[in-house]
2 protein chains.
Amino acid sequence: MQIATTIAEVRTQVKAWRREGLTVGLVPTMGYLHAGHASLVDRAAADCDRVVVSVFVNPTQFAPGEDLEAYPRDFTHDCAVLEKHGCDLVFHPSVEEMYPPDASAYVELLSEMPKQLCGKTRPTHFRGVCTVVAKLFHIVTPDKAFFGQKDAQQLAIIRRMVRDLSYDIEVVGCPIVREADGLAMSSRNTYLSPQERKAALVLSQAVRLGQDMYAKGETDAEIVLHAMRAHIAAEPLAKIDYVCAVDNETMMPVLALCEGTLVAMAVYIGKTRLIDNFITGA
Amino acid sequence: MQIATTIAEVRTQVKAWRREGLTVGLVPTMGYLHAGHASLVDRAAADCDRVVVSVFVNPTQFAPGEDLEAYPRDFTHDCAVLEKHGCDLVFHPSVEEMYPPDASAYVELLSEMPKQLCGKTRPTHFRGVCTVVAKLFHIVTPDKAFFGQKDAQQLAIIRRMVRDLSYDIEVVGCPIVREADGLAMSSRNTYLSPQERKAALVLSQAVRLGQDMYAKGETDAEIVLHAMRAHIAAEPLAKIDYVCAVDNETMMPVLALCEGTLVAMAVYIGKTRLIDNFITGA
């Protein structure tokens, strides 16, 4: 497994693969890899001849006051995970390699889509995500790119960016991976104290509650969301950011649940903001 | 020479060329081609194995009230010009092919650069330019892209976009091509009445005046700009939008001219807005 810290190294390797007629998959990550990331790498290795994984804590998707500095990092462990799961090239650039001091070009959706859900409290987040993913697309020129369904709004926005900007890249969404007790895997779970770790189960419990209600025939979004919110609110350490039902392509709120509706939530457990979601019928 | 109206056709042809190991040059145009465009195609044909020219009047770079509908079009003539100058593939998409009805992804520079010069009166123009050029980059995946120095701010912005978004594309700027009497070639020259056509010479005359003053040692920007403005203002049909001296990389105003300073102007001749410029010492 090759480790590249410069854009030039990545280009050289990808071009060599292209000359051999090999396909390339990209898994963009911020590192501190867990089983959710590993499942993306597995899928990329199954779908593509070669797999590039980027490990880069992208500053442009953090707002001032968010956890950019605190975000957990362990590149040695990341490399061990990636080697085991069939990654061929790790791209681990510095901030300086990715962003010149006067960098000013951005990619963003000028629609309501990035303003919904997480966008309400993180108004510049998805602009940073789109910009860094666009850069990674230009550096790696993958045939396919792999993203987790846990970040459902990110996945929908990247799909839209790829369509609207005419990228010749297939975006593959991969299922949420959960701990044995249901908690969705997240690098931010490391922030949780033992007590908060237990409290964090209200998210996946609310997911299961909503899934069950829909399975039993409840399609009124407010009734389902109200039950989910009530379950979360009963946990003293939990503070709801949002629990919403939206169209999974546009991220716009819906009143009635139907097959494929995205039900998504963001909840603070202590100071840690966690997200989880499900797609009805999936 | 192949004519493609769909993105899929372009991709198929470019991929076939890539398999043969051929390099590809892109010349983005809005059609109604003149000798300036032809010089870009000539340069692309000299530099690259295959040349793609896009002919697309891009709606996202026009604001309401600008000349989107009036913009001159003559695709039959364009094809004759392109055939003669060694274009291999013309990409002539419909607006619908380029922009889905709910397209919302944009590329832009969030700096002062696109707000200077033409950006003062056309605040959304360069966002439209960056977006369509990014799309053309993703569709054609050229090795090199060719732009005219006449649109100096556009060229500088595209260079910055390519740098900041890590495109593996060389941007080649090509000299202004002028009519025998000095008028810079522009598709918009067709708007001019015979009387306006004569009046339009004040732009290239002002360029020569500025060049001469700099050649004779005048480096005070205000003195040079004042003389240029006075020359233009003496023409009753001319109305100055701007005459400015700026750093050619950042587009920020400079007080002293030095080698490589961009001196640029936009002037209304009647209702037609024309631009011209020179680079000191070039």
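Student: Helix 6 of chain B passes helix 7 of chain B in which kind of crossing, left-handed or right-handed?

Tutor: Helix 6 of chain B passes helix 7 of chain B in a right-handed crossing. Please keep in mind that this is a predicted model.

Student: What makes helix 9 and helix 10 of chain B roughly antiparallel to each other?

Tutor: Helix 9 (residues 201–215) of chain B packs against helix 10 of chain B at about 155°, and their axes are 9 Å apart. Angles over 145 degrees count as roughly antiparallel, and therefore helix 9 and helix 10 of chain B get that label. Their crossing is right-handed.

Student: Which residues make the contact of helix 9 with helix 10 of chain B?

Tutor: Helix 9 of chain B brings residues including B:Val202, B:Leu209 and B:Met213, while helix 10 of chain B brings residues including B:Val224, B:Ala227 and B:Ile232. The classes in this contact of helix 9 with helix 10 of chain B are nine nonpolar, three polar and no charged.

Student: What does helix 10 of chain B lie across?

Tutor: Helix 10 (residues 221–233) of chain B lies across strand 8 and strand 9 of chain B, and runs at about 165° to strand 8 of chain B. Those strands belong to an open sheet of three strands in chain B, ordered 8-9-10, with antiparallel pairing.

Student: Why do strand 8 and strand 10 of chain B stand at the edges?

Tutor: Strand 8 (238–246) and strand 10 (272–279) of chain B each have a single partner strand, so one side of each has no neighbour in the sheet. From one strand to the next, the twist averages 15°.

Student: How do you know that strand 8 and strand 9 of chain B pair?

Tutor: Pairing needs at least two bridges, and strand 8 of chain B has eight with strand 9 (residues 262–269) of chain B, in the antiparallel sense. B:Ala238, for instance, stands opposite B:Ile269 in strand 9 of chain B.

Student: And how do strand 2 and strand 6 of chain A pair, and over how many bridges?

Tutor: Strand 2 (residues 24–29) and strand 6 (residues 144–148) of chain A pair in the parallel sense over two bridges, and at least two is what pairing asks for. A:Leu26 has A:Ala145 in strand 6 of chain A as its bridge partner. Both strands sit in a parallel open sheet of six strands in chain A, in the order 1-4-3-2-6-7.

Student: Why does chain A agree with a compact globule?

Tutor: A compact globule of 282 residues would have a radius of gyration near 19 Å, and chain A has 19 Å, which agrees. The C-alpha atoms of chain A fill a box of roughly 55 × 40 × 40 Å along the principal axes. The secondary structure of chain A comes to 10 helices and 10 strands.

Student: What joins strand 5 of chain A to strand 5 of chain B?

Tutor: Five bridges join these two strands, which run antiparallel. A:Tyr106, for example, has B:Glu108 as its bridge partner in strand 5 of chain B.

Student: How many residues of chain B are in contact with chain A?

Tutor: There are 25 residues of chain B in contact with 25 residues of chain A. Strand 5 of chain B gives the largest share of the side of chain B that touches chain A, five residues. That side of chain B divides into 14 nonpolar, four polar and seven charged residues.

Notes
Residues numbered from 1 in each chain as written. Chains lettered and ligands numbered in written order. Predicted model: local features only at pLDDT ≥ 70, side-chain atom pairs only at ≥ 80, totals over all residues. Left-handed = near helix turned anticlockwise from the far one by under 90°. Helix = DSSP H or I, 4+ residues; strand = E, 2+ residues; numbered from the N terminus. Contact = placed C-beta atoms within 7 Å. Nonpolar A, V, L, I, M, F, W, Y, C, P; charged D, E, K, R; others polar. Rg over C-alpha atoms; globule rule 2.2 N^0.38 Å. Axes fitted to C-alpha atoms, helices over the stretch in contact; angles between N-to-C directions. Parallel < 35°, antiparallel > 145°, perpendicular 65-115°, else oblique.
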